[in-house]
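The sequence and structure are shown first, followed by an account of selected contacts.

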Amino acid sequence: MQKNLCFQVLDPQSESLVWKDSDVSLDDLKSLLVYFIKIIKKQNSADIIQLFEYSIELTNKVDFKNCSNERIRNIGFCMQNIFMPGNGNMDNNTQLNNLRNRLLNILNEPYLNKNKLDAVVILLNNIVSTNYIDILWKHIKPIIKIHPNRIMNLLFNMQSLFFDSSCISVILNDDDFWNLICSLLTCENNVIRTYNNVILKLSYSQLLSDNVNYCPNKSKEQYVKVWNDYMVVMETLENTQQHLTLPILSTAKKLALNKTDDNYDNYKLPLKWITAMYCKMSKHSSKYVVLASIDIITNMPIISLKTNEQLLLSFVNSLNNVFLYKMSSDVFVNQPQLEIILSLWFNKLMMSNDGHDVFGIFLLYMPTIKWSIVPLTYLTKSLANISPDCPLRLNIIDHVLKIKTVIEKMPNSYLKTIVLTFLFTFTCKFTFDVNTEFNCDLFDCIIVYQNKTKSWNYIINSIQKINDLNYLDKQLSQRINEKNKMYSTSIGLLVLSNIFSNSPISINKLDEICCKMEDVSDLLEFLECLLEVEDHFGRYDTSVSQILSKHIWPIITNWVEKCFQILEENSCDDQVICRFLDKVLSSNRIVDSTNSMNIWLHKCYSILTNYSGNYSILAIYSWIGKYATKYSFEDKLKNDWLSFTKYFIDAGFFFINNQDFYRSRKPGMHQIPQLDIINTFFQHSTVPKEQMLGILEWLMDKTLERHDLYWSIYFSTAKTLLCKFPIQEHSQLIIQFIQNCWDFLVDCRVSCFPNATKSFIKMVFHNNLLLEEKYKTFIKNQVIQNLLTENYRYKFSVCFSLLLLNFLEEDRSINILELNFLMSEFFAKCLLFSIDRYGAI
């Protein structure tokens, strides 16, 4: 009877509480509980403990739901008043220890919500005394590594017991206690950090002479002052306001860098505490605090960094902060202070074996960061500035390849090419090392170099110093025509052909593959890439160029003839076909072509008029037109091509409701050769106004994939057409067309459409269009006035404006003074806006 009555009073989940729905405060029940305690004290203590244990077990099953802190405190009040007063044996009470163990088991459960944690702490606080702290600490120590936050919550809420003078030595002389506090100084949970700071202040204020963190060679007063300074720094770093954080930075540096002697271990505070302070600084929202943390690392003894990798990991993370770096118009000039600091630090690491070890750890951590492009640009530039005095004790190639993988996942941009360039320059400085085996994949990094420049000569000279060029040659020979490695292989072949006087294995392998010509379609993509690399680096006297000159025309002839024999869609990618044919033209490798071209032209015309062609046939027809109008000295080929194309226009092939040249399984892809045909035709001929209007409507109806090459061709074709278009008669239609093109560009990532943007600018600012006042007003209001305003994304505005300024500077046919009405406001905004900041590109 009494037990049931007790349970009803104590159980927080009980539905039969008489005061449950009344206005009586739970605090007002304490007098009743005091009376109640007097009753149950007469019961057997084992029964009372069993009652409490049963109540706790029951409430734990429902995760202490609906258990307010007041109700839990009332249970605790009962427990405290029953067991504590005058009970000298309570700490040795076996049944009470079982109850405590039950609570500690709850504390160690995998999932523990706040209600349960608060309840456990409150109940424990009421059934232990200072005599039990030693036992309690031994019980909770194993939980520290698994649930440190819970233990800190317990310490904070039971601080009156743990920091009692009779038992404080239990925790102050225990390394696990200090390790717990140190680890939680950088805890993500700000409540736990606050608890932790309170416990730390209590701890260092009661330091004992034999405390584990006490330095014997300093007085206790001096040591307490160091802890005071440390505590001031850590508490201040909880703030984000700069006027509060700036004054403590000198104190932080002093704590981190001042040592009692030259031994790396003998800091005024143990290194783990300095590490905790540094980690907190490195993640701070103020860039001045982060810069101070970087200053600490770059001035810290190298051996300290080698033995504490957490410092280096936090350091690498802190560098990924765009606000630390000064923006400039040219990334190769105007070094920001941080970049100089990093370059000096890297060079310092090069001077010792320990420095090499630290540098290796630094490179190891770099690929683990999700980098922003601007910080990575300056970081790789600092790496490229290294001047190694001796061979490294590590092979950097594996590290560089992992960093390169991270870079390749970034969106395409100008800065991405710069980062890869710096990375390659950095790698080349260590290629002479016997520990370094160069990897062909690194040739992907060579993007922005030009032949006969200092940079290119530096690359060639560096590669000549590679420890084992024969190993590089063998790599290349195994990769020829291998998918996904074509660019790097092409660069490698070109580089080797600049170095070797005799043909190496890989270049002989290239010659062998070109001779076979078994499957030309598979070879076209690799040859197109090789031609592009050759054109970019501008040398035609290498062994690679000689092989191309020897084989390109036979390969072209073989491929074209196969296209006429098999009128099916080519297995080769359409982009590759167009680019390959154009590269063959620009490299001037068409040999004895007059008769062949005439035959091919008539075959194409016959096939296309019967609607039985394919993409390759249309691309060949377009290619013949380019050759006939730009490279051939025979008028018949040119006149025939223009005549055939005029027929296609008259027959309605280039009108909205036309029938396509052929039926394709890839709708829309044939549009690129069609655009090229129109572009070439209108450069050398014209048609009546009505047909030009129909072609413009056809052009406006086209939908292309989002690809820089496609849209560059599209805008170039439109410009050629609009040069001869009657603008005054159809100004509104042209304005609508330009508006549609502008809307497309605004919606794009402009840095991924540089060629398309340049072609658009040439089209929009063509003299023929600017003669029309209505059009000029449209451009002024819709384009010029909106640039460098909030109407468009910052990166778009800056990128487009830079390309526009380059166009106005290079195109001598446009008189800027005549465009004063159009451009004066834009030029003023350029000056105010400082658009020369490269970072927006």
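## Helices α8 and α11

Helices α8 and α11 are roughly perpendicular to each other (the class for angles of 65 to 115 degrees), because the angle between them is about 110 degrees. α8 covers residues 148–157 and α11 residues 175–184, and their axes lie 11 Å apart. Axes here are lines fitted to C-alpha atoms, for helices over the stretch in contact, with angles from 0 to 180 degrees between N-to-C directions. Helices are DSSP runs (H or I, at least four residues), numbered from the N terminus.

In this pair, P148, N149, I151, M152 and L155 of α8 meet F177, L180, I181 and L184 of α11, contact being heavy atoms within 4.5 Å. The contact comprises eight nonpolar residues, one polar residue and no charged residues. Ala, Val, Leu, Ile, Met, Phe, Trp, Tyr, Cys and Pro count as nonpolar, Asp, Glu, Lys and Arg as charged, and the others, Gly among them, as polar.

## Basis of the model

The model is predicted: local features need pLDDT of at least 70 and side-chain atom pairs count only at pLDDT 80 or more, whereas totals for chains, interfaces and linings use all residues. Residues are numbered from 1 along each chain as its sequence is written, and side-chain values use heavy atoms, with hydrogens and water left out.

## Helix α33 and its partners

Helix α33 (residues 615–630) packs against helix α35 (residues 671–684) at an angle of about 20 degrees, with the axes 9 Å apart. That makes α33 roughly parallel to α35 (angles under 35 degrees). The crossing is left-handed, meaning that the near helix is turned anticlockwise from the far one by less than a right angle. Residues of α33 in this contact include Y615, L618 and K630, and those of α35 include I672, I677 and H684. The contact divides into seven nonpolar, seven polar and three charged residues.

With helix α34 (residues 635–650), the axis of α33 comes within 8 Å and crosses at roughly 135 degrees. The two helices are therefore oblique to each other. α33 also passes α34 in a left-handed crossing. Y621, I624, G625, Y627, A628 and T629 in α33 meet L637, K638, W641, F644, T645 and F648 in α34. This contact has eight nonpolar, three polar and one charged residues.

## The second largest cavity

Four cavities of 30 Å³ or more are found in the whole structure. A cavity is a set of points, on a 1 Å grid over the protein atoms alone, where a 1.4 Å probe fits but cannot get out; lining residues have an atom within 4 Å of a point.

α31 (574–586), α33 and α35 each supply at least two of the lining residues, and α33 gives the largest share, four residues. By class, the lining has five nonpolar, one polar and three charged residues.

Methods
Angles under 35 degrees count as roughly parallel, over 145 as roughly antiparallel, 65 to 115 as roughly perpendicular and the rest as oblique. On a 1 Å grid over the protein atoms alone, a cavity is a set of points where a 1.4 Å probe fits but cannot get out, and a pocket is an open set with protein on both sides within 12 Å along at least five of seven lines; lining residues have an atom within 4 Å of a point. Grid points are joined across faces, edges and corners, and a volume is the space filled by probe spheres set on the points.
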